[in-house]
Amino acid sequence: MKSNILVIGGTGKTGRRVAHILQNQQQNVHIGSRNSAIPFNWNDATTYAKALKGMDCAYITYHPDLAVPGAKEAIKALTETALQQGLEKVILLSGKGEKEAEACEEIVANSGLNYTIVRASWFNQNFSESMFLDPILAGHIALPMAETKIPFVDADDIAEVVAKALLDDTLNGQIITVTGPRTLTFKEAVETIAKAANRNINFQEISLDAYLEGMKNAGVPDDFIWLLGYLFKEVLGNADNQIVSTDISTVLGRKAIDFNEFAQTTAATGIWNQSITQTF
Ligand SMILES: NC(=O)c1ccc[n+]([C@@H]2O[C@H](COP(=O)([O-])OP(=O)(O)OC[C@H]3O[C@@H](n4cnc5c(N)ncnc54)[C@H](OP(=O)(O)O)[C@@H]3O)[C@@H](O)[C@H]2O)c1
């Protein structure tokens with residue numbers, strides 16, 4: 001059966017992929033964001049009702065992160081509006097090991113809507129579509145927490161899980177933890193990319209303070225610097241985040257995408273061999 005599905009952040013890393021899968025399944029997909037056909041702005045709650053009107057369900061990606069001040073209030077207002085507008089179900093993209101994100105998960109779970117929480121580890125696509133792309137293109141990446149093991153997850157896998165949760169009620173009420181099939185350090189991830197892209201990329205371990213200072217000097221806004229500090233220290237510093245989950249194989253009936261496979265596929269697009277872009 002066809003559903004009207006709002007994909008909030010539907011031009012972003014996971015939303016774009018979710019929209020694509022659903023369109024291929026002949027669903028009525030509607031993309032909501034500041035610059036999309038359906039105007040939706042997290043910072044303007046007056047846009048919520050209009051965007052949700054006539055929808056059966058929604059995929060929620062909060063920007064920039066559920067840990068930032070104001071996220072809880074926005075998620076509460078959004079879910080209340082979704083209930084008023086008669087939506088049946090929402091899927092929330094959350095972050096693994098983020099206390100603040102768990103508070104948002106609880107708001108969704110207690111909203112009166114059917115829901116699925118998709119709790120994700122750090123994405124592979126941070127290296128190809130987000131903050132680590134520019135340093136990779138520059139051939140030099142300096143990061144803190146170099147020895148921390150991270151079960152990077154692929155946005156393609158997240159999107160498949162989300163699409164299934166939107167269309168299949170058997171995943172209602174569940175928290176699905178999505179990680180890659182193994183852990184890698186930042187150093188190992190960068191080495192894998194360098195090999196796949198056939199280029200030299202120098203990896204340097206630096207302290208978190210030096211990293212954040214470098215961001216400040218590069219003109220990165222203060223609130224984003226705060227978020228980076230939180231994500232490195234609180235999220236990656238949390239030992240629970242190193243645990244590999246098998247939920248992707250349980251839900252999709254196949255193995256989660258390995259970082260090496262991601263690196264090979266992405267290198268073939270040429271993205272790591274182009275000139276520098278601006279990802280902030
Ligand atoms: N990256 C990771 O490693 C990671 C790990 C775990 C969880 N997460 C979570 O993933 C979520 C982000 O999902 P994503 O990476 O798929 O998206 P993304 O690529 O970060 O988001 C970009 C999307 O959000 C829209 N957007 C930006 N600002 C907006 C605003 N003020 N109001 C409405 N829409 C806005 C953009 O469109 P417009 O520019 O048109 O508005 C675009 O569609 C965050 O909540 C983050 O906590 C990320």
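**Labels and their cut-offs**

Biologist: Why is Asn198 called exposed?

Modeller: Asn198 has 9 other C-beta atoms within 10 Å. A residue is exposed if that number is 12 or fewer, buried if it is 20 or more, and partly exposed in between, with C-beta atoms placed from the backbone. Asn198 is therefore exposed. Its place is the loop between α7 and β9 (202–205), where helices (H or I, at least four residues) and strands (E, at least two) are DSSP runs numbered from the N terminus. Asn198 is not a glycine, yet has a positive phi of about 55 degrees.

Biologist: What are the ground rules here?

Modeller: This is a predicted model, in which local features need pLDDT of at least 70 and side-chain atom pairs count only at pLDDT 80 or more, while totals for chains, interfaces and linings use all residues. Residue numbers start from 1 along each chain as its sequence is written.

Biologist: What makes Met145 buried?

Modeller: The count for Met145 is 20 other C-beta atoms within 10 Å, so the residue is buried. Met145, in the loop between β7 (140–143) and α6, also has a positive phi of about 55 degrees without being a glycine.

Biologist: Why does Leu66 count as buried?

Modeller: Leu66 has 24 C-beta neighbours inside 10 Å, so the label is buried. Leu66 is found in the loop between β4 (57–60) and α3 (71–84). Neighbours within four places in sequence aside, the contacts of Leu66 include Ser94, Glu98 and Cys104; contact means C-beta atoms, placed from the backbone, within 7 Å.

Biologist: How do you know on which side of α11 the buried residues lie?

Modeller: In α11 (residues 259–269), Phe259, Phe262, Ala263, Thr266 and Ala267 are buried. They cover an arc of only 125 degrees around the axis, which means that they are on the same side of α11; the arc is that of the directions from the helix axis to the C-beta atoms. These buried residues pack against α7 (186–197). After α11 comes Gly270, with a positive phi near 85 degrees.

Biologist: What makes a set of residues a nonpolar core?

Modeller: The set must consist of buried Ala, Val, Leu, Ile, Met, Phe, Trp, Tyr and Cys residues joined through C-beta atoms within 7 Å. The largest such core has 82 residues, and Ala58, Val118 and Val162 have the most contacts inside it. Helix α6 (residues 155–167) gives the largest share of this core, eight residues. Beyond four places in sequence, Val162 is in contact with Thr14, Val18, Tyr59, Ile91 and Val118.

Biologist: How do you know whether the radius of gyration agrees with a compact globule?

Modeller: The globule rule is 2.2 Å times the number of residues to the power 0.38, with the radius taken over C-alpha atoms. For 280 residues the rule gives near 19 Å, and the protein chain has 19 Å, so the two agree.

Biologist: Which residues come nearest to the ligand?

Modeller: Gly12, Thr14, Ser33, Arg34 and Asn35 do, out of 26 residues around the ligand; the criterion is a C-beta atom, placed from the backbone, within 6 Å. The shell has eight nonpolar, 15 polar and three charged residues. Ala, Val, Leu, Ile, Met, Phe, Trp, Tyr, Cys and Pro count as nonpolar, Asp, Glu, Lys and Arg as charged, and the others, Gly among them, as polar.

Key
Contact = placed C-beta atoms within 7 Å.
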